[in-house]
Amino acid sequence: MEHGGQSIHLPQPAENPRVIGVCTYFDAGYLTRAVALYRSLARFHADLRWFFFCMDDTSLQIVQSLMLPNVTVISRLQLEAADPELAATSSNRSLVEYYFTCTGPVMLQSLQLDSQLTHLFYVDADICFFESLDSLLRDMRQASVYITEHRFPPHLQHLLVYGRFNVGVIGVTRCQQAFDCLHSYRSQCLEWCYDRLEGDRFGDQKYLDAWPSQYDQLRIAEHPGVNAAPWNKDVSAYSRDCEGIVQINGQPLVCYHFQGLRIFPGGLVLPQAIDYDSQLSDALMKLVYLPYLLLLQQAAESSGLKASSLRYSV
């Protein structure tokens, strides 16, 4: 079947096993974070199919040299060759805005690269998993599209003007509705995707506000441990259970979004560039941030880089 000139692979027979893919994109500035993301999930799942979209030559060369199992490496040139309309947008927006524009195309291209995928998750490179995908998949149920709210506390409700949902984790099941959603999303971002609030648009994020009313098989995440982040830390209590599993509001922490984390030359760490009117709790620092910093350090060492020497550009 064709959709906008692109081939669509419709669902496989129900008896086929579930095949899960994870896609992300990054440049050299987020390289160690992407490797940390990969390793955080690989310890739970050996059979995930990964799609690394490397947005510059440095990240491409290093990722290729790492030869990470089950990782398909795609260069920016390959991404743009498959989607010339995307390539054309780079001339009328900043680098960060261009990266925002890539989310929909990256998801579509991942689905097209592997017709066996039954589920695909786009995950921001600065996210780390503390548990397997099992809780997330249970929360997703049979949805065609799965998205997460910011879950702002009362004192941050004014930030809703930038979007009810966060793009950090987006899941889709291979079905017609998911393809319709992603193609529409791609078209919207190609037309307008800027790092400013303008009417009912903000980057690639505010477009998601309309999705619940547009797609009847969409599901909004209910598990508090999916895409936990600095902006919802004030409505989240972190602890560790008797088995050593990190908990958030009494449920396992699935993945945390380390937005705003900055590491400077010399090893200075700024946990959050935006404080969201409060600081990180001691429990959050000890149970979530410190393990992640260790994972980043290990990722940097295996990549032949110093964690503090990279430019965090996205």
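The model is predicted, with local features requiring pLDDT of at least 70 and side-chain atom pairs pLDDT 80 or more, whereas totals for chains, interfaces and linings use all residues. Residues are numbered from 1 along each chain as its sequence is written, and side-chain values use heavy atoms, without hydrogens and water.

The protein chain contains 10 helices and 18 strands (DSSP runs numbered from the N terminus, with H or I over at least four residues for helices and E over at least two for strands). Its radius of gyration is 19 Å, close to the 20 Å given by the globule rule for 314 residues, so the chain is as compact as a globular protein of that length (radius taken over C-alpha atoms; rule, 2.2 Å times the number of residues to the power 0.38). The C-alpha atoms fill a box of roughly 55 × 45 × 40 Å along the principal axes. Of the 314 residues, 57% are buried (under 20% relative accessible area, 1.4 Å probe, protein chains only). Among contacts (heavy atoms within 4.5 Å) with a separation of 6 or more, 73% join residues 24 or more positions apart.

Helix H2 spans residues 57–66, where Ser59, Leu60, Ile62, Val63 and Leu66 are buried. Just after H2, Met67 adopts a positive phi of about 50°.

Conventions
Buried means under 20% relative accessible area, exposed over 50%, partly exposed in between (1.4 Å probe, protein chains only).
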